[in-house]
Amino acid sequence: MKKIKINRIRAFNFKLFEDIDLRFNNAELVILDGPNGYGKTSIYDCIELLITGKIDRIMRREIDGRATFSDNILTCDPHADCSYIRIEFLVDDKSFTLSRHASWENKGRNKPNDFSAFKLYRLPNIETREAEKFIIDEKEMEQFFGENLSISYPVMYYIEQEESTFYLKQSEKERREHLSYLFNTTKEEKELSLIKEKDKQLKNLLEKIELEKSKNENKLNTLNNDLLQVTNTKTAFSRLFPDSEIGWDVEEPAITLKQYSAVVLTELEQILFLKKNAKSIKQARLNKELEKFLNDDEVMQFLVSTYRFIDELSEVKRVEKTKKILLEARKTLSESKNIEGIAEFENIDKVFDIVQYDENEVKKTKEKIEELLSQKQNVENQKKFYNSFNEARNALIDNFKRKHSNEDAECPLCGTDFKEVEKLDISFQEKEKLFNKYYGNTFKKHGKELRTFLAGDIADLLLEINLTLSSLENKFPASFCKQLIVSQPVIDKGKKLVSVLQRLETDIDLYCFEHKNFSSKDVKKSVSLLKKHLESLVKTVDDEFYEEKYFQCLRKFFDGKFSHIEKISESGIKSKRSYIELKIFESQNETIKKTKALIKKQKDDSFNIRSFRTKIKRIIAIYTENINIHKTKIISAIEIPFFVYSGRVIQSFNRGIGFFIDTTLGEELKSIKFLAGHGTDHDAVMSLSSGQLSALIIAFTLALNKVYAQHGILLIDDPVQTMDEINILSLVELLRSDFSERQIILSTHEDHISMFLKYKFGISGCSVETLNLKTTIFDKVLSMEKLL
Amino acid sequence: MIDLLDKLMLDYGFITEKMLDNKLVGFVSISSTRCSHLVVVETSLDALENINLTCDLIFDSLKKTKVWKSAFLKNSILVFLFKDTSVDSSYSLKLIQNVEENKYQFKKHVIAYNDDEFSQFFNELKLSKTTFKKYLTETILDPEKFHYYKKNPSVQTSFSLLVKILVKFPFVEINPSQFAFADLSNLISGKIQNEGLAEYLNFAQVNHRDEESMLKGLVGLAQNEKNKNK
């Protein structure tokens, strides 16, 4: 181990240091103290960056490779054009100075884990001004600090137990990852994990390809079985339906699908059948049509009775409405015994209109109705008055008779003294008769005038109504109108029947009435004749000609017209079938070819994956084997010192004895545990306190350092954060006895610990330098600023 | 046991002085180079149970020694040798922990042992025909003995007592073999290179965007392999 010491550190524009100059004065123990946040850890960053060219704790953070940052966390002044760290080292009282210098003229993306700007220099001394010309290669660092420094430095020279404590307390996965870090196998284990992931991807892909290949092999078998046998391979293309757009009637029909090619061949078979049996199929279609009509009496009745007059349907509907109004008027007018019944008939104006009364007549009739209504109102009023008056008079007379003696003959109504009661009585009766007569005359007068109106004006109006009704009946007889209206829903069917009959050149005049006056008997007779005629048109054909597929074929390819079938020939159909078969054959062959090519590719891919997986398995084995050997070697080399050191530092745990490193060996080193060794196989990490865990990490790193260190600088960042006094004392004893050859640079934020360390190391003859970062650096800067 | 440890102190350059007290059997040792002061005392279950009283007694006794210095107050480590004959070992273990965690007056260690353990240890030390210091530092690094102890930590042997002495006496430095830290990455890549697998490793580390690009890459690898075989 090379006895090397740090004697002086200068840092310019680095992290929170504007420009610092720390002198360690060849001390064996350097204590960096002061409160948190004043740059103790940044001093370690300076040393690490200078020695290894990077800061591992920043490198370990996952940072998005594409991210860009606005400022650079490695600089103090973002506008300064450079940063540097210079360290003067002492080896056997000879000094050499190394420097890392970064120029910020070309600002990059400020990624925190990019340290490439810091180039390495070996300077004549720490004060050298023109450093640029002293640049050296990174490899030259090995002559001072040994090989593989960037790998070993963070795990054995720099104790940063806080972070390790944090990771070891996390999930199993994170613990495993952090143990990989402690054994310095993180990079290789990550690579191994990615390789395994790739192998898994390929395994899944292989399974997928094999499955697809199996499907394609089955498909190929089916294709070979289904391959059409084609004899004529030279059939020329010609269109079968030059006037229609048929999908398969083109030079290159798209008949790659098996199902579609089967449909096309079926259609061609049907077309051929249709061509050969057009007459029978035509008769079958006629039979179907006729049978439909023969079973529909309503259509037949319509055709016979009213087909000729369907254009008059709207007129008939209007007449029917008029008739209805007139019939209603006739009923009302003829049955009314009083003027109110006539006056209340609401359609009276429509009636005047229909019977074509002139304006004067209408006016006169309406005025008369009004007059009679008024007169009637008067009669009613008089009747009410008379009744009321008479009731009052009779009541007075009865009262008089009851209260007065039989001798009292003075009239209670007019005061006339009749002398005799009998005379008074006679007077009462005569007066009553007189009132009755007066009222009777008024009533009679109204009755007389009403009768005159009914017998005159109303009778005339009824006469006109009857004449109009009679005229309409003559023009549109009731039976005709009824038949026409009833036939409305079957008019379309009737028209179809007429079209069929016309197609068959049947003279429909033989069956359709020319007049509107017909009886139901007439209709029945004519319908019977028509039925007989239709029955005579039905001819027997075989059942096969009734099949719907032929009618569909007729509709699809011949517009439903048998006449169009004549345009194509049987030979044309057969030639088309040969052509289509040829195209199907060609398509099948193409599919077979493609499927074979696909199977070949899948076989090749499958072979390539298998070959690759054989190689990748070997790579995995090399990784696993070497990682295991590496870890096993480390464990074997450090387990005894670790056992002793952990026992000394964590004396309160595990009966005051140390921890064993336990490994579960398998195909790969599955897990590494720290065992207490008293019958439990649980990882002690699970039950240790934060302070004990810190002590465990320190013991582990010190064991690594003891066995592997190539130089004597040992950095310990704030080891006492969570440790108690007993642990600290044990640590001090350990450092004093087993690491007395090292220069220890230790930080603490607690003044009493700083003083204790100074005392304990000092009394054992160790040179100690204490630097308080707050007072040494920041208070100095503040006082300088004050002076300025 | 106390005499044996007295020898160990001498091996490490300590000056020792027996503490003459009716109630105490022990010695005090001083190392001027290390500025370490050790007080080693044979003790009993009763004394451990009344640790503060025991410490006062030791302190009084220390004052009477020739080597007494005021620095003793800050720098002494007190080692109790405790012949554990108790039936309930869990009680004595708890008691020992209590003593070791007691932070008043001295930094304290307890070495608990029994007669068998001690006699085995004593015989083996005698047979080794070497100094106590050498015996300690060499035996602890014997992997065979360590692994036996690792598998059977509760079996009381000379090694188990050796471990206790070594852990409790902080000045006993161990010097394990030195090794160079291997560059695992180089080791692995060298083996992969030697076996002609570098191309395959590169392929495995590429993040292929889809299955087709992965299959194309494999075709390329197969082609290269064919060309190599030609």
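Start by selecting helix H11 of chain A, residues 313-335, in this predicted model. At 1.5 Å a residue its 23 residues should span 33 Å, and because the end C-alpha atoms are 33 Å apart, the helix agrees with that expectation. Next, show the side chains of A:Val316, A:Leu326 and A:Ala329, which are buried in H11(A). Around the buried residues of H11(A), display helix H13 (348-354), helix H15 (421-475) and helix H16 (478-486) of chain A, against which they pack.

Now move to helix H23 (725-738) of chain A, whose 14 residues reach 20 Å from the first C-alpha to the last, close to the 20 Å expected at 1.5 Å a residue. H23(A) is mostly covered, with ten of its 14 residues buried; among them are A:Ile726, A:Ile728, A:Leu731, A:Val732 and A:Leu735, together with A:Glu733, A:Arg736 and A:Asp738.

Then bring chain B into view, where the contact takes 54 residues from chain A and 49 residues from chain B. On the side of chain A that touches chain B, helices H4 (149-157), H7 (186-226), H21 (570-649), H22 (690-708) and H23 (725-738) each supply at least two residues, and H21(A) gives the most, with 20 residues. Colouring this side of chain A by residue class will show 23 nonpolar, 18 polar and 13 charged residues.

Finally, colour chain A by pLDDT, for which the mean is 86, with 93% of residues at 70 or more. Confidence in chain A is lowest in helix H5 (residues 161-168), at a mean of 63, and highest in helix H19 (residues 548-558), at 95.

Notes
Residues numbered from 1 in each chain as written. Chains lettered and ligands numbered in written order. Predicted model: local features only at pLDDT ≥ 70, side-chain atom pairs only at ≥ 80, totals over all residues. pLDDT = per-residue confidence, 0-100. Helix = DSSP H or I, 4+ residues; strand = E, 2+ residues; numbered from the N terminus. Contact = placed C-beta atoms within 7 Å. Nonpolar A, V, L, I, M, F, W, Y, C, P; charged D, E, K, R; others polar. Expected span 1.5 Å × (residues − 1). Buried ≥ 20, exposed ≤ 12 C-beta atoms within 10 Å, placed from the backbone.
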